[in-house]
Amino acid sequence: MYWTRGKTLGAGGFGFVSIAKTHQESGDDVNIPEVVAVKSAELSHSKSLSKEKELLNKFNACPCILRCFGDQVTTENGQQLYNILLEYAPGGCLSDLILTAGGKGLPENVVSHYTKSLLTALIHIHKLGYVHCDVKPHNVLLFGQDSKLADFGSCKRIDVDDGDDDFRGTVLYAAPESIARREYLPESDIWALGCTVLYMLTGKAPWKFDKDAAAKDVLMMIGCSDKIPAISSGRRVSEEARDFLRKCFVKDPTARWKGEMLLDHPFVKMGGDRRHHHRRHHHLSSRLHSFLLRCFHVSKPNAVHAC
């Protein structure tokens, strides 16, 4: 598998993500896109990344989950890096899409469509005995009309105590039981799904706090109070969407709706055929893909320059 690293797309506690161009000889029996995303970490600190690669291999039967094309160890600038090759999402993530919409939220049929994809992904991993633990708009990547769940760095097995008592996920999307008791259940992902749907509908974060709010007050509000995220009164939201959110925002996880139940909810079924809505978005994504290919200039086998 030959590829050349391009521009860095982002970085985090795990390492960094780059765009890359693959090079395949004619006759190669390898089905890898011309452009991929490469997630990299120092080899000595790559345990989390290696675990994510193994999980993506387990989940690869679901079309609503990001695909992994394998892993490699490279030596770059005298440093050994562990890399996993992933699908590149030309449409960015849901958070990017909402920002381009001016923070006003997305049409309900669009939200419904993305919600169905998210539910399909979550049902799949839950059946295999795992919880994602960090469902949020930043971890939903866009591929033209489609979306895929990504970033399984916080994922864990259900009912397995791995001895790690650290908090997993993102506080503003976390379920009450995850904050209060460090419990991570399939139903915890459903709460986070509700927060993500609310963000798509309103363009606003699921919880609103003063900028000077203390961390303990935020944690107490989400984890221990009887409050749930509120739908902004400044935007009209259908009763179907409100009812869907009410099924997600149940404080008691045992009373929260399951993914299979939500998949049959009227709100999820209202998406319909969205090809017309996505025609312009798909066209822009195709243009971006072509532009990215032109932005790579390989001067020698192990060097790449990005415009």
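Guide: A cavity is a set of grid points where a 1.4 Å probe fits but cannot get out, and its lining residues have an atom within 4 Å of a point. This model is predicted.

Visitor: Which residues lie nearest the centre of the largest cavity?

Guide: C133, A174, A175, S178 and S188 do. They belong to a lining of 14 residues.

Visitor: How many cavities of 30 Å³ or more does the structure hold?

Guide: The structure holds 1. About 90 Å³ of space lies in the largest cavity.

Visitor: What makes up the lining of the largest cavity?

Guide: The lining divides into 8 nonpolar, 3 polar and 3 charged residues. Helix 5, residues 186-202, gives the largest share, 3 residues.

Visitor: Why is helix 3 called roughly antiparallel to helix 5?

Guide: The axes of helix 3, residues 108-127, and helix 5 cross at roughly 165 degrees. Angles over 145 count as roughly antiparallel. Helix 3 is therefore roughly antiparallel to helix 5.

Visitor: Is the crossing of helix 3 and helix 5 left-handed or right-handed?

Guide: The crossing is right-handed. The two axes come within 10 Å.

Visitor: How do you know which residues of helix 3 and helix 5 meet?

Guide: Contact means heavy atoms within 4.5 Å. On the helix 3 side, E108, V111, Y114, T115, L118, L119, L122, I125 and H126 take part. They meet P186, D189, I190, L193, T196, V197, M200 and L201 in helix 5.

Visitor: What kinds of residue form the contact of helix 3 with helix 5?

Guide: The contact residues divide into 12 nonpolar, 3 polar and 2 charged.

Key: Residues numbered from 1 in each chain as written. Predicted model: local features only at pLDDT ≥ 70, side-chain atom pairs only at ≥ 80, totals over all residues. Heavy atoms only, no water. 1 Å grid on protein atoms, 1.4 Å probe; cavity = no way out; pocket = protein on both sides within 12 Å on 5 of 7 lines; lining within 4 Å. Points joined across faces, edges and corners; volume = space filled by probe spheres on them. Helix = DSSP H or I, 4+ residues; strand = E, 2+ residues; numbered from the N terminus. Nonpolar A, V, L, I, M, F, W, Y, C, P; charged D, E, K, R; others polar. Axes fitted to C-alpha atoms, helices over the stretch in contact; angles between N-to-C directions. Parallel < 35°, antiparallel > 145°, perpendicular 65-115°, else oblique. Left-handed = near helix turned anticlockwise from the far one by under 90°.
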